[in-house]
Amino acid sequence: MREPLIYEISSPGRAGVNLPECDVPATPLPKEYLREDLPLPEVSEVDLVRHYVRLSQLNYAVDTGFYPLGSCTMKYNPKVNEEAAKLPGFVQTHPYQPPDTIQGNLFLMYQLQEFLKEISGFASVSLQPAAGAHGELAGVLMIRAYHESRGDHKRTRMLIPDSAHGTNPASTTMAGYETVKISSDARGNVDLEELRAHCDDTVAGLMLTNPNTLGLFDEHVQEIARLVHECGGLLYGDGANLNAIMGIVKPAALGFDVMHFNLHKTFSTPHGGGGPGAGPVGANEVLAPFLPGPIVVKERVEEEPASDEEWEEEEMYYYHWQMPPSSIGRLKAFYGNFAVCIKAYTYIRMLGAAGLREVSENAVLNANYLLSRLKGVYPLPYNRTCMHEFVLSGRLPDAPDVHTIDIAKRLMDFGFHPPTIYFPLIVPEALMIEPTETESKETLDAFADALIQIAQEAKTNPELLHSAPHLAPVARLDEVLAARQPVLQCLK
Amino acid sequence: MSYIPNTDADRAVMLKAIGVKNMDGLFRDVPEALRYPELKLPPPVSEMEALRELREISEYNVDLEHAPCFLGAGAYRHFVPSVVGHVIGRSEFYTAYTPYQPEISQGTLQSIFEYQSMICALTGMDVANASHYDGATALAEAVLMAVSVSRGKRRKVVLSAGVHPEYRAVVHTYTQGMALTIVGEGADPLATEVLADMIDADTACVIVQNPNFLGYLEDPAALRTLADAAHSKGALFVVSADPISLGLFSPPADYGADIVCGEGQALGGGLNFGGPYLGFFACKQQYVHKMAGRIVGQTVDRHGQRGFVLTLSAREQHIRREKATSNICSNEALMALAAAVYLAAMGKTGLRKVAELCYHKAHYAAQRLSALPGYQLLSQKPFFKEFALRCPRPVDEINEYLLDEWGIIGGYDLGKDYPGLANTMLICVTEMNTKEEIDLLVEALAPDYFPRADEEGAPDMEEAA
Amino acid sequence: MVEYAKDRRYLPTHEWVKLEGEEAIAGISDYAQHELSDVVYVELPEVGETFAQNEVFATVESVKAASDVYMPMSGEILAINEDLEDSPQLVNEDPFGRGWFIRFRPSKPEEYDSLLDAEAYERHCREEAEKGG
C-alpha cells in the first residue's frame, strides 16, 4: 500500500506542464535578486496523476462510506453544489472588480445573508469568516467591542461550559478575555447554580453550544440567557450543531445575541479534508453594527444604470459593499469563502423551508434510533432524548483493558469511519456519534451491528482490538515517535 | 430535495424502536412556544432549475473569460493546469474531514506532508504548517506567534506600509484585544529601510511584504540588513511573499526571515471572487512549537511501515484550549492540495518559467504604458508582475472608460489606500495576459482615444467603439 | 510501581525540588509522568528568568495533553536540562534523575518547609487517584 513521496518519483528533466513561449521582448533580470536553486520535484503528468489518484484511494470519505464523526456533521455533499460553484461566471471573477461587473456575486451573497437571517432569526449576517473558529473569534470580538463602545471596561471574563469545543476558550484568549469554566449538571445542562455564582459585572458573556456537545438540548437555555443578560453579559452561540434545529427553533428566539454558522457542516458544503469551510456570523439588532465587514446591502435603483444594458425591468436593485458602522473590521482579505457560499446557497434553494426542517427532524431521528440500538451495549452517561448526536463511553465494564481508541480503530475493519473520540472532555473515553440525516436505516443498523460485535470482541478477544486496524491501508501509527522526533518535510 | 433516504415506513419503524409516537416526541426539550417557526424561504427547486438559476445569476457578472484584466493586488489570475482540478475533484479528497484517524486518511496526510515539503522548498524555511485561511490571516497569525515566542513580553509590531492594506487591517482586527502597539504603517511604502529605526527591545516582530503591495521587489541585501537589525534587538523578521515570485527570486530564508507566510491562491487556485484562498506559513525549526495550525509528520506503523499523522497537536486549541496560541481548527486543506499538485506539475523549471513570463510581460506593459504622454512609473525600482503607474486622470475614471469602451478591466486604484498615490494605478500582468491584450490597453489609453484631462473634452465614444 | 523519592519535597501539582547547597534542582514526579504517559516535548524557561513559587515555569506535552509545570520554590533559573530537547522520554525513563527540568537559586529558602515530604505527597497522590478513578 506504500505510495512513494512525490520527490521519490522525481527525475531531472521531467515536467508535468508545458507553457507558452514568451510573446513579448525579454527584459534583463536583476541578477542579485535571483535564487540559485529551486528544489521542487520533476514529474511527468501521467506519474503525477497516478500519484494523487493512488493517494486519494488511501482516504476514507463521505463518498466512500458512513462517517459518523460527532460535531462535524459529515452529511452527503450534493454534487449539484459542486457544479454550481464551478460556473465560469463565478470562478472567473476578481474580488476588486467594480461592483457593476459583479452584481451576480453580490446578489447571491445578499440572498444567502437573507436566508441565514431567516433560518436563525438574527437581524444581520456577515459572510466574512472563513471557518467556524473564525466566526467565533468574530463573535467574541463583537462582544468586546460592544462593551468597550459603552465605556464598560471591567468586563474581562467569558464564561464557557466544560463541554465546549476547544475553539471557544482559544477564541476567548485571542480576544484578550479570561476564560471561566462552568460545569455541567447531572443531566448534561449548564449548572445553573454555578452559573449564577459567576454572573456579575465582570462577565462579558457566555459561549453556549446548543444543542451542546453531548448532543443534548439545554433544558434551561432561556434561563441561561436571562441570567447572562441580567448581569449585563451577552450570549454567544456556537452554531456547530445547527443541523439539529433548522425549522425547529430559531437561535435568536432562544436569547442568543450572536452566533456563527458552519456552512461546511449544516449546509452540506464538503469539508475538503480539513477545509475550506465558511463560518458566517449572525447578530441581533444590538450587535449587528459590530459585525465584521464588509457585508452586502442593496439599494433600489430609480434609474437603470446606463452602463448595463441587460439589466432592465426585472432587476430593480443595485448591490454593493458596506462596512457595518461600528465593525470590528476585516477578518480576512476580500469577502469570505465565496465558492463555499455558492454551494450553501444552492443547497438552501434545493431544500426550501420544509426541506430544512425535514433535515433536522431526520438527523435527530437517526441519532435517537442509533442510540436506541446501542444504549444497552455501551455506557450512556446522560440518558435523555438526544438531538442530532449522542455521546457514549467506550469504558466497557467487562473489558477493562480496552479503550475507546481500540474500539475506534476496530471500527475501521468493518468499513466505517470512527466517531469523534475523547471529546467532550467531561465524558471519560467518549465516543461521540453523529449519523446525520443522509444515512439510511440499513446503514445505521450495519454500524450498530458492528459496534455491538466489537463490544463482544472486547470481552472475548481484546487483542483483536488492541492491534486494530487490520484492514486499513496502514496499521496503527506511532504518534509518540512522530512527536518526539518530528520529521515534518522530506528535504532536510 | 433534502437527500434523505428514510421512507415513511422506515420512520415508523425507527420511531417505534425509540419509543416515541411521532417526530414531535423528539423535540420536547425545545421550548414549546418557540417550536416550529415559519421560515420564509423561497420555494424549493429541482436540480435542473437550481442550475439554471445559478447560471443566470453568474451571468450578471462580467467574467474574466470575456474581459482582459489587469487587476491583481493580492488575487492573481495564473494558469491552472488541468490536472489540478481533476485531483481536487476526487471526492475521496474533498468529502473527507480533517485527518483525525490517520490509518484511513493517508491520502490527505501524505499530500499535506508533500505540500509542507514544497512550501519549505519555495521559502527556504525548515517547517511549514498545513495552511491558514488566506494570506491575511496567515500574517495575523505570524504576529500572534511572534508575541508568543517572546512569551507575551514584547508588545510592539513594526509593520511596513508596503504590506497589503487588507492584510494590515486583518492584523488590527485580530489583535484589537491584545493592547499591542503597531508602528510603521504611516511611512513611505517604498522606503522599507526606515523601519530599522523603529525596532526596539519591546518589538516582537518586523513585517515586510516582498514584492510589496505596489509590486516592487525589495533588495535582498537591504532586507538582510533589516533582518539583522530585528535580530540584534531580539525581534523576529516576518516576510509575506508572493509564491510565484519565489520561482525566480531569492527565498526569504536567504535574507534572514524567521517566518514566511503569504497568499497561496496563485498556486493552482482560481480567483473565485476572493475565496477560498490559501494562507501558507513556514518558519524556522526552533519556533515550530509556537506555530499555529495543523502539522503533518512522518512516522511508522506497528509493522515499521512509513506513514503520516497529525503531530505536535498539544499546541492546538482542542488540547490546550485557552492556552493555545491560536483558535484555528479547519484550515484550507483542499486549497493546499491544489497548491501541491500545482507545484508538482510546474516543478523546478515550470515555476521559474511562469515567473519569467510574468516578469517580461509586466515589464513590456510598463515600458509601453509609461511611454504614453502623461503616464509614468512611480519608481524605477525593480518589480515583478505588478507596477504603480502615475496617470493623468483619476483611476476610477480611467477604469470606467476602459470597461465601457474597450471591455477591459483596468488596474487597482492605489489612491484608496495611500493618500499620496492619487491617480496611481496598480497594474498586474501575468502569463495569462497576451501581448495583444497589453497592446490593446496601451491603445485604449493613447491620447487619440483618451484625452489626458477632462477639460480636453469627453472621449469620443463612437470612435473608440 | 510508582516511586516517591525521599530525598526531596513536592508540590501537590506534582513537581519535585531537591536542595543542593545554595542551589536546587526541580522536575516532575514519577506519578506525574505515569499520568501523562509518553512525554513528547518539554518547553523550558530561559536561564536568568525568575519565577515565584507556584508560577508556571515550563510546559510538558504528551501526544494528547499539555500540562503546566509550577515552580516549587521562588528563584532564578541557573540552568535547564538541554537533553530534554532531543530526548523528552528521559522524563518518563528517569523522572528523578536524568529527566530533571531546571537548576535554580531559591530566593526564599524557607518555602522548602511548606512543601510536602515524600510520605505526604504519596498520600496526596493516592487520594487523587481514587477521586479520578
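This is a predicted model: local features need pLDDT of at least 70, side-chain atom pairs count only at pLDDT 80 or more; totals for chains, interfaces and linings use all residues.
Local features need pLDDT of at least 70, side-chain atom pairs count only at pLDDT 80 or more, and totals for chains, interfaces and linings use all residues. Residues are numbered from 1 along each chain as written, chains are lettered from A and ligands numbered from 1 in written order, and side-chain values use heavy atoms, without hydrogens or water.

Let's start with chain C. Glu20(C) and Arg103(C) meet in a salt bridge at 3.0 Å, N to O (a Lys or Arg side-chain nitrogen within 4 Å of an Asp or Glu carboxyl oxygen). Glu20(C) sits in strand β2 and Arg103(C) in strand β9, so the pair ties together parts 83 residues apart in sequence. Strands here are DSSP E runs of at least two residues, and helices are H or I runs of at least four, numbered from the N terminus. Arg103(C) also bridges to Glu23(C), with the closest N and O atoms 3.1 Å apart.

Over in chain A, Asp413(A) and Arg410(A) form a salt bridge at 2.8 Å between the closest N and O atoms. Both lie in helix α11, three residues apart, about one turn. Asp413(A) is buried at 12% relative accessible area, and Arg410(A) is buried at 11% (buried is under 20%, exposed over 50%, partly exposed in between; 1.4 Å probe, protein chains only).

Chain A also has an open antiparallel sheet, ordered β10-β12-β11; strands pair if DSSP finds at least two bridges between them. Strands β10 and β11 of chain A each have a single partner, so one side of each is left without a neighbour in the sheet.
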